[in-house]
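This briefing is intended for a reader new to the structure shown below. Please read the points alongside the sequence and the 3D view.

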Amino acid sequence: MKKQTHTLLKNIYGYENFRPLQEEIIDRTIEGKDSFVLMPTGGGKSICFQIPALLFDGITIVVSPLISLMKDQVQALKANGIKADFFNSSNSPQEENEVINKAINGEIQLLYLSPEKLIAVRNTWLKQLNIKLVAIDEAHCVSMWGHDFRPEYTQLKVFRNSLPHVPFMALTATADKSARKDIENQLGLSNSKLFISSFNRKNLSIEVRGQVAKKKKLEEITSFIKRRKNESGIIYCLSRKNTEEVANYLKKEGHSVAFYHAGMNHEERESTQTDFINDDIKIVVATIAFGMGIDKSNVRFVIHYNLPKNLEGYYQEIGRAGRDGLPSETVLYYNMRDFVLYSQFADGGANSDMQKEKLNRMLQFAEAKSCRRKILLSYFGEHLTENCGNCDVCENPPKDFEGTILTQKALSGIVRMKEKDGITMLINVLRGSNNADIHTKQYFNLKTYGIGKDVSFFDWRDYVIQMANQGLIEIMYSENSALKISPIGWKVLKGEKTIRLTTPTTSEDKKKKTK
Ligand code: ADP
Ligand code: ZN
C-alpha cells in the first residue's frame with residue numbers, strides 16, 4: 001500500500017514527497033479509521049482524502065459547502081484522469097441523472113456534494129452506492145462554536161450513523177478547542193485521531209496599525225502599494241460600500257484595482273476573480289466573500305482595512321498571502337469604532353455572547369504588546385517557544401515603565417464620572433477639554449478635570465486600552481461602552497498594586513520603520 005500511495009502522489013499529482021501528516025492520515029484512512037484534519041488553507045488537505053479515494057474499490061463522498069470550489073476541484077481531478085463528479089444545485093436535472101447513473105454503475109471514484117443535496121438524497125439513490133469513505137470539508141461549519149455555522153451541516157450526524165463502518169474524515173483550516181470537540185460530537189467521530197499541522201506561516205509578516213484616521217489610512221495604503229509595484233494583493237473591508245470607496249480611491253491614484261462583494265452579480269464576481277488570478281488585475285478590494293476557494297499562489301500582501309470579527313477569519317484571510325512560500329506582508333488596520341460597531345451588530349443575535357467573546361479576542365490581539373504570532377498560534381493550540389522576529393511587535397518592542405500614577409489618574413477619573421461614560425469622555429475630562437458634553441454634565445467641576453493634560457489624546461487611549469487589557473477596567477458594551485473599575489482596578493486605586501504600562505507606538509513611528 002505504501003508504495004502505491006507514493007506512486008499515486010508522483011504519477012497523479014507530480015509531487016515527490018508527502019507533506020508532514022499527509023501520509024499518516026492516508027494510511028489511517030485506508031485502515032478504515034476516522035480522522036480529524038486541521039491544516040491551514042493551502043496546507044494540502046485534499047490529497048488526504050483523494051489518494052485513499054483512488055485506492056478504494058468504491059466511491060468516496062466529499063461534502064463541501066462551496067460550489068465554486070467543488071467545480072474547480074472536480075475539473076482539476078478530471079484533468080488528471082480521475083473519475084470525479086459533483087452533485088449540487090448548479091446541476092440541471094439532466095446532468096443530475098447522468099451523475100446518479102454513473103455513481104450507481106460504479107463509474108465515479110469521488111463524488112462531491114453540498115450538505116443540502118446529501119441530506120436530500122441520503123435515503124434514495126445514495127443508499128445504492130458502495131461508499132468507502134466520507135470526507136467532510138470545511139467541517140467547522142458543523143459547529144455553533146465555529147465562525148461560519150451552517151445549519152444544514154448538523155444533519156450530517158444522521159448520515160454518519162447510517163454508515164457506522166465507513167471511515168469519516170473531517171477537514172478544516174479553522175477550529176479552536178471548543179469547536180473541535182463540538183465537531184467531533186456533531187459528526188459522531190468518537191474514535192477519530194486529530195492531526196494538526198503547523199499553522200505557522202513564517203513567510204507572512206504580521207503588522208497591526210491602530211487608530212489611524214480614514215484619510216491617513218488611505219494615504220498609507222496608497223504609498224504601501226506604490227512601493228510594491230505590480231504585486232498582487234487583497235484589501236479586506238467590512239462593508240460593500242467601503243470596498244467600492246477604497247477601490248475607487250486607489251483607481252484614481254492610478255492602480256490596477258477592482259472591488260468584489262456579494263452584492264455584485266455572478267458574472268461580475270467571476271470575471272473579477274478570473275482577472276485577479278490571471279494577474280490582469282493586481283489588487284482586489286473585497287468583503288470577506290472574496291477568497292474562499294481561490295487558489296492563487298503569488299498574493300504578496302493582504303491588508304485588513306477594518307478589524308476582522310474573529311481570529312479564525314483573520315488567520316484565514318491573511319493565509320491567502322504567500323502560498324508560494326515567498327515573503328509576503330499582512331497589515332491590519334483597526335479602530336475602536338469597528339469594534340463598537342460589531343459589538344452592536346452582535347447584540348441580541350444568535351450566539352451573541354460567543355461572537356462578542358471572539359471579537360474581544362480579536363481586539364486583544366490587535367492591542368497586544370507581545371509577539372503577535374505567539375498569540376495567534378496559541379489561539380489555535382500551538383505554542384511557539386521563541387518570539388517570531390517577523391511581526392511589528394518583535395521588530396519594534398515596546399518599552400515599559402512604572403505606570404501606577406498614570407493608571408490611578410484614569411481610574412479616579414472613571415470613579416468621579418460615576419462609571420457612566422466611555423473612553424472618549426474620560427480622556428477629554430483628563431485632558432481638560434472644553435466641549436459641549438463636558439459643559440452639560442458639568443464635568444469641569446470634577447477633581448480629575450485636566451489632571452492628564454500632559455499626555456496626548458491618542459496616548460491616553462492607548463493607555464486606557466492597556467488598562468482594560470490588564471483587567472483593571474471593564475468596557476460595558478451593553479451600557480454604551482461605559483467604563484467600570486474591576487476589583488483589581490480598585491486595588492490599584494487604593495495603592496495595593498503597582499502597574500507597568502508600555503510606551504505607545506504610534507502609527508507614525510511604525511511608518512518610519514517601514515521600507
Ligand atoms: P487545502 O485544501 O488544505 O487548502 P490543497 O489541498 O488545495 O490545500 O493544497 C494546496 C496546494 O498544495 C495545492 O496546490 C496542492 O497541489 C499542493 N500540495 C498538496 N500536497 C502537496 C505535496 N505533498 N507536495 C507539494 N505540493 C502539495
Ligand atoms: Zn513576533
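Leu21 counts as buried because 20 C-beta neighbours lie inside 10 Å; a residue is buried if 20 or more other C-beta atoms lie within 10 Å of its own, exposed if 12 or fewer, and partly exposed in between, with C-beta atoms placed from the backbone. This is a predicted model, in which local features need pLDDT of at least 70 and side-chain atom pairs count only at pLDDT 80 or more, whereas totals for chains, interfaces and linings use all residues. Residues are numbered from 1 along each chain as its sequence is written, while chains are lettered from A and ligands numbered from 1 in the order in which they are written.

**Residues with positive phi**
- Leu21 is not a glycine, yet it has a positive phi of about 80°.
- Leu21 is in the loop between α1 (2-13) and α2 (22-30); helices (H or I, at least four residues) and strands (E, at least two) are DSSP runs, numbered from the N terminus.
- Asn230, also not a glycine, has a positive phi of about 65° and lies in the loop between α9 (214-226) and β9 (232-236).
- Asn230 counts as exposed because it has 8 C-beta neighbours inside 10 Å.

**The chain overall**
- The chain contains 22 helices and 17 strands.
- Of its 515 residues, 41% count as buried.

**Val246 and its surroundings**
- Val246 belongs to helix α10 (residues 240-252) and counts as buried, with 24 C-beta neighbours inside 10 Å.
- Leaving aside residues up to four places away in sequence, Val246 touches Ile235, Cys237, Val285 and Tyr305; two residues are in contact if their C-beta atoms, placed from the backbone, lie within 7 Å.
- Val257 is eleven residues from Val246 in sequence, and their C-alpha atoms are 9.5 Å apart in space.

**Surroundings of ligand 1**
- Ligand 1 is surrounded by 13 residues, of which the closest are Tyr15, Gly43, Gly44, Lys45 and Ser46; a residue is near a molecule or strand if its C-beta atom, placed from the backbone, lies within 6 Å of it.
- The shell around ligand 1 has four nonpolar, seven polar and two charged residues; Ala, Val, Leu, Ile, Met, Phe, Trp, Tyr, Cys and Pro count as nonpolar, Asp, Glu, Lys and Arg as charged, and the others, Gly among them, as polar.
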